[in-house]
Amino acid sequence: MSDSTIRARFAPSPTGHLHVGGARSALFNFLYCRRHGGKFVLRIEDTDIERNIAGAEQKILDDLRWLGIDWDEGPDVGGPGAPYMQSECLDQYHAARDKLLADGHAYYAFETADELNAMREQAQAESGGFKYPRPDPLPTAADAEKARAEGRPVVVRFKTPAEDVSIHDEILGDVTLAAGELDDFVIVKANGWPTYHLAVVVDDARMQVSHVLRAQEHLMNTPKHVLLQRALGVAMPKYAHLPLVFNIDGSKMSKRDKHKAVRQGVKDAIKQNTLTKERVCEITGADAKAVERWIKKKADTELSMEQVVTLAGEIGVDMPEIDVFDFRRSGYMPEALVNFIALIGWSPGGDREKLTLDEMIEAFSLERIGKTAGRFDREKLLAMNLDWCSELPTDRLLVQFKDWAALNDCHLGKLDDDTLSAVIDACRGFKIFPDIVTKAGILFEPDENVVYDDKAVKKNLAKNDGAGFATLEKLRDALAGVDDWSVDHLDAVVKDLVKATGSKMGDVAQPLRVAVAGRPVSPGIGQTLVFLGKDKTLYRIGRCLELRGA
RNA sequence: GACGCCGUAGCGUAGCGGCCGAACGUGCCGGGCUUUCAUCCCGGAGAUCGCGGAUUCGAAUCCCGUCGGCGUCACCA
């Protein structure tokens, strides 16, 4: 059941980390190839030299690998379709351009951006849609030369034929774009670089891409690509446009959501006088004008993503996870994230939901991809992550927890593997990794970091004339004599005291828990004490007992 | 505005002409287990399958219309 002629690709632009939407596109291409024994190709679309971000390519590769997605050909592994970086293919795009020009399928144009905008506005006011008016006669190479000499921008436009374009989409069915809907779009920019359309067609042909699975936002680009393929005389791959992915409120899931969240946080903080605009400038290193514009207007570009991230950290605002890396840093398991992402727009059928990557490969088919736009439900993801975390073996969790701890500078990451494994197991039932820190983190911090929660002290220790404190004293005496500092034995010690005093487990365990953790939450009491060790346990109890007078 | 896509409980999906008086998961509400939190277990509410019409003995499922949502209309990809 393998078809070696199947070749699909994922072609991200190096503008930052991998967006979850992009991750899903990558995943579907990957699944399709693996299912049918095809080749999965990774290509970096870096033709927009202005927007390329240094290091982004590596980030995307890392994000994909973290998810468990690998590829047969790509910029890092090479392959017969090389190069896999569009920036290394300039001569091929130029060859395509020259062929198109020579065959009368393309022509030069010289308008400036301002002129084009003016034409658009006018068209908007008069009739509605703007279509680039094809000049007659078409400019010649000599005209282009002259324009260049005059300092005008020279682009190459495709001479879109006046014919209906029908494509058969593997998901959507037949989609037809009527003749005249498309205008003569730019295929080579003034700086000599190809636009996305030309580059995609040239590269897909060279790499012999047989299937293009991409998000539906590209649907209207496809006729352009098909026309270009015909003009160039290259094969047309099969297309499958994936349903879009939205936020739970129906808005588009974009990096702007991060700006939005932080902007709101900044506004609130300023209103509450806990932050000033000057301080924002300090934190971000941006000038006052930029900050002002960023806050007031929707000019996200005034601040870079790095600046926004620092700002969020500084003022304590949570940003929504948008990129795969955001989820990694937030403490999700890759197994859960890929599983969740796969189910947006695809289903294995029946009531099956939880699948490993291998099971997804086994079950994957284009027919089972839906047409309905999906929503990214974070609560469902959370539940799914919990599910995966409760079933995955500890050693697997350990690897990812250490990764997460390193990214977050978490002190638990410094524990030895055995201890950390025990901590993870003691906290089973957690949704995401930070929950582990919430529950057990304090046990591995310096004793001085223990802050006693007023409510907990009142409820578990001070109430009833300090009944809890009294119990605590007995506990201290009992524990001081314990030699076998093990979970079982310590649990027994606590239970014995419960029996001896005729009280309930909560009357004994809770005061102890609050004494050593400062809060009424920790792993099982025996386990909690083992993590702490005898000395620290007794020390913390003593320290807590000092609260009695206060 | 033009063109295109979509429309099943809050959300994600299953079902794709009779098994549907619509299923599963999540979320919500209630109960139980438990030394805490979380987990776990049990129960419940929640959908006239966007709306209208047509075809049919029979429609969530096929057809037409309508409304709504979204996407694309860049020298970004």
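Buried means under 20% relative accessible area, exposed means over 50%, and partly exposed lies in between, with a 1.4 Å probe and protein chains only. An α-helix has 3.6 residues a turn, so residues three or four places apart point the same way.

Just after H11, Gly316 has a positive phi of about 70°. Helices (H or I, at least four residues) and strands (E, at least two) are DSSP runs, numbered from the N terminus.

## Basis of the model

Residues are numbered from 1 along each chain as its sequence is written, and chains are lettered from A and ligands numbered from 1 in the order in which they are written. This is a predicted model, in which local features need pLDDT of at least 70, side-chain atom pairs count only at pLDDT 80 or more, and totals for chains, interfaces and linings use all residues; side-chain values use heavy atoms, with hydrogens and water left out.

Sugar and phosphate account for 74% of the atoms of RNA strand B that come within 4 Å of the protein. A residue is near the strand if one of its heavy atoms lies within 4 Å of it. The surface divides into 24 nonpolar, 17 polar and 22 charged residues. Ala, Val, Leu, Ile, Met, Phe, Trp, Tyr, Cys and Pro count as nonpolar; Asp, Glu, Lys and Arg count as charged; the others, Gly among them, count as polar.

A polar backbone atom of Ala190 is 2.7 Å from a base oxygen of RNA strand B. Gln216 places a polar side-chain atom 2.9 Å from a sugar or linking oxygen of RNA strand B. For Gln510, a polar side-chain atom lies 3.0 Å from a sugar or linking oxygen of RNA strand B. Several elements give two or more residues to this surface, including helix H4 (113–126), helix H6 (196–206), helix H15 (378–391) and helix H21 (505–517). The largest share, five residues, comes from H21. A polar contact is a pair of N or O atoms within 3.5 Å; within protein, one must be able to donate a hydrogen and the other to accept it, and residues adjacent in sequence count only if both atoms are side-chain atoms.

## Aromatic pairs

Rings of Phe, Tyr and Trp (its six-membered ring) pair if their centres lie within 6.5 Å; planes under 30 degrees apart count as stacked, over 60 as edge-to-face and the rest as tilted. By this rule the count comes to twelve aromatic pairs. The rings of Phe444 and Phe531 have centres 5.4 Å apart and planes at 55°, so this pair is tilted. Phe444 lies in the loop between helix H18 (433–440) and helix H19 (454–480), and Phe531 lies in helix H22 (residues 525–532), so the pair ties together parts that are 87 residues apart in sequence. Both Phe444 and Phe531 are buried.

One aromatic cluster is formed by Phe327, Tyr332, Phe340 and Phe376.

## Backbone exceptions

Most residues other than glycine have a negative phi, and most peptide bonds are trans. Ala82 and Pro83 are joined by a cis peptide bond, with omega about 0°. Pro83 sits in the loop between helix H2 (56–67) and helix H3 (90–102). A cis peptide bond also joins Asp136 and Pro137, again with omega about 0°. Pro137 sits in the loop between H4 and helix H5 (141–149).

Helix H19 holds Asn464 and Asp465. Phi of Asn464 is near 55°, a positive value in a residue other than glycine. Asp465 is not a glycine either, yet its phi is positive at about 65°. Asn464 is exposed, with a relative accessible area of 60%. Asp465 is exposed at 84%.
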